[in-house]
Amino acid sequence: DRFTDEEREALDAIVSSEFDVIIDTVASARGISAELVRAAVDDAPMTADEAARRGLLDELLFRDQVPGELRQAVARRRSDALVKRKQAYQEFVATSKAFRGAVARAK
């Protein structure tokens, strides 16, 4: 055996902790409970239709469809980020104007 009992116990604790992080991350990202994610892992492998039924994926794509979908997703995120930056800038400008107006009135 390559590991002592203590080493195996430590390794098992690390793997278990990382597994919990993955389960929680998937559950949070998918908006489902960690218990449902654990059940899916325990029941794996499963068909794509079953994974979709369990809320583990949004849609099924053929391999040649993936690059185009990724490009569109990146473009949407960039667009969303630009909109948020523009909104933040507009709020900053409005706040700055209001602050300058208040300072001017206070003088």
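Me: Which exposed residues does the face of helix 2 turned away from its buried side carry?

Reply: This is a predicted model, in which local features need pLDDT of at least 70, side-chain atom pairs count only at pLDDT 80 or more, and totals for chains, interfaces and linings use all residues. Residues are numbered from 1 along each chain as its sequence is written, and side-chain values use heavy atoms, leaving out hydrogens and water. Buried means under 20% relative accessible area, exposed over 50%, and partly exposed in between (1.4 Å probe, protein chains only). On the face of helix 2 turned away from its buried side, the exposed residues are Glu35 and Asp42.

Me: Which residues of helix 2 are buried?

Reply: Helices are DSSP runs (H or I, at least four residues), as are strands (E, at least two), numbered from the N terminus. Helix 2 spans residues 34-43, and its buried residues are Ala34, Val37 and Ala40. Seen down the helix axis, these fall within an arc of 120° (directions from the axis to the C-beta atoms), so they line one face of helix 2.

Me: What covers the buried residues of helix 2?

Reply: Cover is judged by contact, meaning heavy atoms within 4.5 Å. What covers these residues includes helix 1 (5-30).

Me: Is valine 15 buried or exposed?

Reply: Valine 15 lies in helix 1. Its relative accessibility is 52%, so valine 15 counts as exposed.

Me: What is the radius of gyration of the protein?

Reply: The radius is taken over C-alpha atoms, and the globule rule is 2.2 Å times the number of residues to the power 0.38. A compact globule of 107 residues would be near 13 Å, but the protein has 25 Å.
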